[in-house]
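Work through the exercises below with the sequence and the model at hand. Each task is followed by a solution in steps.

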Amino acid sequence: DNYGLYGHMNFYFLKKHVQFRLGQGIAITTNPYDRNSNYINNAYGSRLLSSTYIKLNYTRPSLYKGIGLEAGGTIIHYSNASSKAPNNSTNTFAFTVGLTYDPNYTEERSYIAKDSTTFINQPLRFNLAILAGANETDVIGSGRYPFVTFSGYVDKRIGRKSALQLGADFFVSEFLKEYIKYRSIAFPEDGIDGTEDYKRVGLTAGHELFIGDLSVVTQIGYYVYYPVPYQGRWYNRLGLKYYFYKDIFANVTVKSHGATAEGVEFGMGIRL
């Protein structure tokens, strides 16, 4: 059983008939993996999880005397972001349909159109950030190790709420050092001799959505320096930034390779 607590944002489209909800939070699982007492649970290797849910909902209020219709779909994702193996995670797909009732349906309402977005012409801004955390490889029992990421990118505002990004990441991942040693001994046919570098360098492109002092960051990257194969050369990053003093921010992001998380990154940075 999983129990989650979330914070979420709603985005509305088509005169509020379509609602998109994005939620992020933490969860507790009641019976995680244990090699002696619960080896069947290969989804969660830890009791504490992160959880994301996405909901798309369509509503038509007051179709008949205040009675309306709602229908939609939800995806709920549970994972510990590879903080401890195993971490195969789970995804729940839920579909809902229901009726609503508005007791004030006789009151007339009108839709107020939003003012057009004002274009903001700002110069290029340079961002520097240091991210850190701890994670484990997919090999159960290999141990948790710290990692640090140095990130730098240029952004350009393309509107009141959006900016495009282009930059690079330098990864120092201690867990890869253990992974390289393990692969060189357990699978010598892979051609890994144990002396390979555990650091990586990637190029990134992304988008930042500004919502007051908070922003949502999405990035996709490609390793240009990739000494040892691990979960593929493409990676993606999704997370939040909070500007708590002018252009100084704190952020938390999840770095993944497709749907396979590598770790949760906590960091701070500055937008120059």
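## Exercise 1: The helix and the strands

Task: find which strands helix H1 lies across.

Solution. Helix H1 (residues 174-186) lies across strand S6 (125-135), S7, S8, S9 and S13, and runs at about 50° to S8. Angles here run from 0 to 180 degrees between N-to-C directions, with axes as lines fitted to C-alpha atoms, for helices over the stretch in contact; contact means heavy atoms within 4.5 Å. The model is a predicted one: local features need pLDDT of at least 70 and side-chain atom pairs count only at pLDDT 80 or more, while totals for chains, interfaces and linings use all residues. Residues are numbered from 1 along each chain as its sequence is written, and side-chain values use heavy atoms, with hydrogens and water left out.

Next, place the helix in the chain. There is one helix, together with 13 strands. Helices (H or I, at least four residues) and strands (E, at least two) are DSSP runs, numbered from the N terminus. Read from the N terminus, the order is β-β-β-β-β-β-β-β-α-β-β-β-β-β.

## Exercise 2: The barrel

Task: state in what order the eight strands close into a barrel.

Solution. The order is S6-S7-S8-S9-S10-S11-S12-S13, with antiparallel pairing. From one strand to the next, the twist averages 25°. Two strands count as paired if DSSP finds at least two bridges between them.

## Exercise 3: Salt bridges

Task: determine how many salt bridges a search of the whole structure finds, and examine some of them.

Solution. Begin with the criterion: a side-chain nitrogen of Lys or Arg within 4 Å of a carboxyl oxygen of Asp or Glu. The search finds 10 salt bridges.

Step 1. Asp 169 and Arg 237 form one, with the closest N and O atoms 3.1 Å apart. The pair links distant parts of the chain, as Asp 169 is in strand S8 (residues 162-173) and Arg 237 in strand S11 (residues 234-245), 68 residues apart. Buried means under 20% relative accessible area, exposed over 50%, and partly exposed in between (1.4 Å probe, protein chains only). Asp 169 counts as buried because its relative accessible area is 2%, and Arg 237 is buried at 5%. A salt-bridge network links Asp 169, Arg 237 and Glu 265.

Step 2. Arg 200 and Glu 262 meet in a salt bridge of 2.8 Å, N to O. This pair too links distant parts of the chain: Arg 200 in strand S9 (residues 199-211) and Glu 262 in strand S13 (residues 260-271), 62 residues apart. Arg 200 is buried at 1%, and Glu 262 is buried at 6%.

Step 3. Asp 190 and Arg 183 meet at 2.4 Å, N to O. Asp 190 is partly exposed, with a relative accessible area of 38%.

## Exercise 4: The nonpolar patch

Task: list which residues make the nonpolar surface patch of about 880 Å².

Solution. The residues are Leu 63, Tyr 64, Ile 67, Leu 69, Val 97, Leu 99, Tyr 101 and Tyr 105. Patches are made of residues with over 30% relative accessible area and no salt bridge; like charges are joined within 9 Å, nonpolar side chains (Val, Leu, Ile, Met, Phe, Trp, Tyr) within 5 Å. Accessible areas come from the Shrake-Rupley method with a 1.4 Å probe; for residues, only the protein chains shown count as cover.

Then assign strands. S3 (48-64), S4 (67-79) and S5 (90-101) each supply at least two residues, and the largest share, three residues, comes from S5. Leu 69 is in strand S4 and is partly exposed at 37%.
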